[in-house]
Amino acid sequence: MIRIVRVRDYEDMSRQVANIISAQIILKPNCVLGLATGSTPIGAYQQLVEWYKKGDVDFSQVSSYNLDEYRGLNGDDPQSYRYFMNENLFNHVNINIENTHVPDGSNPDADATCAEYDAMVAAAGYQDLQLLGIGNNGHIGFNEPDDHFSYGTHCVDLTESTIEANSRLFDKIEDVPRQAYTMGTHTIMSARAIVVAANGEKKAQAVHDMVYGPITPSCPASILQLHSNVILVADEAALSLCK
């Protein structure tokens with residue numbers, strides 16, 4: 001079941017998502033968070049940092065597992081998702097950096113990297129709360145449209161639409177990695193609660209298909225219809241096709 005929280009704009013979306021994350025931390029201080037990257041969650045992370053500085057939220061017992069990482073980038077690369085998380089959240093709150101986890105993009109052995117990450121997430125008891133964005137083509141994490149739903153962490157070839165969408169973060173499109181390690185849909189669905197953040201008209205079709213379309217791997221996010229506890233926080237533009 002997907003519950004919809006309709007918000008005014010990006011800033012309102014960010015506050016609402018941050019509210020859900022902070023409530024999880026307050027209710028269970030040693031919770032396991034599944035975290036996402038990209039432009040969508042930045043506002044929520046900024047809000048969490050602000051509340052931390054005010055003493056309203058304490059990350060000291062929290063552990064986190066990120067959805068994905070570019071293959072071929074190490075954590076010191078400014079384009080890596082480890083670097084993104086450090087810059088946008090981890091370096092600004094009191095989380096123990098040893099309790100933060102991102103797939104090892106520097107390891108060329110895909111099978112070993114993915115198996116190790118799956119084992120870590122399972123050992124942690126899976127996510128209490130998983131934060132997701134949604135791609136223009138309905139991808140979650142880097143689970144691209146396919147003829148089947150993925151299971152565990154795996155290496156994916158990124159679609160041209162995803163490469164183009166991510167190219168805004170690189171000097172030129174040729175610099176965007178063509179592969180990534182990502183949690184599979186089974187791992188995502190193992191979370192006890194999921195919050196999806198979406199904003200902007202470009203996400204409208206994907207959001208509609210996620211909530212009202214058939215459950216199909218051609219829209220990976222549609223599998224969330226089968227989860228018992230999903231909250232979609234989306235602005236008017238992203239919900240423009242959901243009447």
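**Strands and a glycine in a predicted model**

Visitor: Which way do the residues of strand 6 point?

Guide: In this predicted model, Leu129 and Leu131 of strand 6 (residues 129-132) point one way, whereas Gln130 and Leu132 point the other way. All of them are buried.

Visitor: Why the two directions?

Guide: Side chains in a regular strand alternate between the two faces of the sheet.

Visitor: Which strand pairs with strand 6 over 2 bridges?

Guide: That is strand 2, and the pairing is parallel. Gln130 in strand 6 has Gly34 opposite.

Visitor: And how many bridges join strand 6 to strand 9?

Guide: There are 3 bridges between strand 6 and strand 9 (residues 194-198), and these strands also run parallel. Opposite Leu131 stands Val195 of strand 9.

Visitor: Changing topic: in what order do the strands of the open sheet with antiparallel pairing come?

Guide: The order is 4-8-7, with 3 strands in the sheet. Strand 4 (68-70) and strand 7 (154-157) are at the edges; each has a single partner strand, so one side of each lacks a neighbour in the sheet. From one strand to the next, the twist averages 25 degrees.

Visitor: What joins strand 7 to strand 8?

Guide: The two antiparallel strands are joined by 4 bridges, strand 8 being residues 179-182. His154 has Thr182 in strand 8 as its bridge partner.

Visitor: Where is Gly38, and is Gly38 buried or exposed?

Guide: Gly38 lies in the loop between strand 2 (32-35) and helix 2 (42-53). Gly38 counts as buried because its relative accessibility is 19%, and the cut-off is under 20%.

How values were computed
Residues numbered from 1 in each chain as written. Predicted model: local features only at pLDDT ≥ 70, side-chain atom pairs only at ≥ 80, totals over all residues. Heavy atoms only, no water. Buried < 20%, exposed > 50% of the residue type's maximum accessible area, 1.4 Å probe, protein only. Pairing = 2+ DSSP bridges. Axes fitted to C-alpha atoms, helices over the stretch in contact; angles between N-to-C directions.
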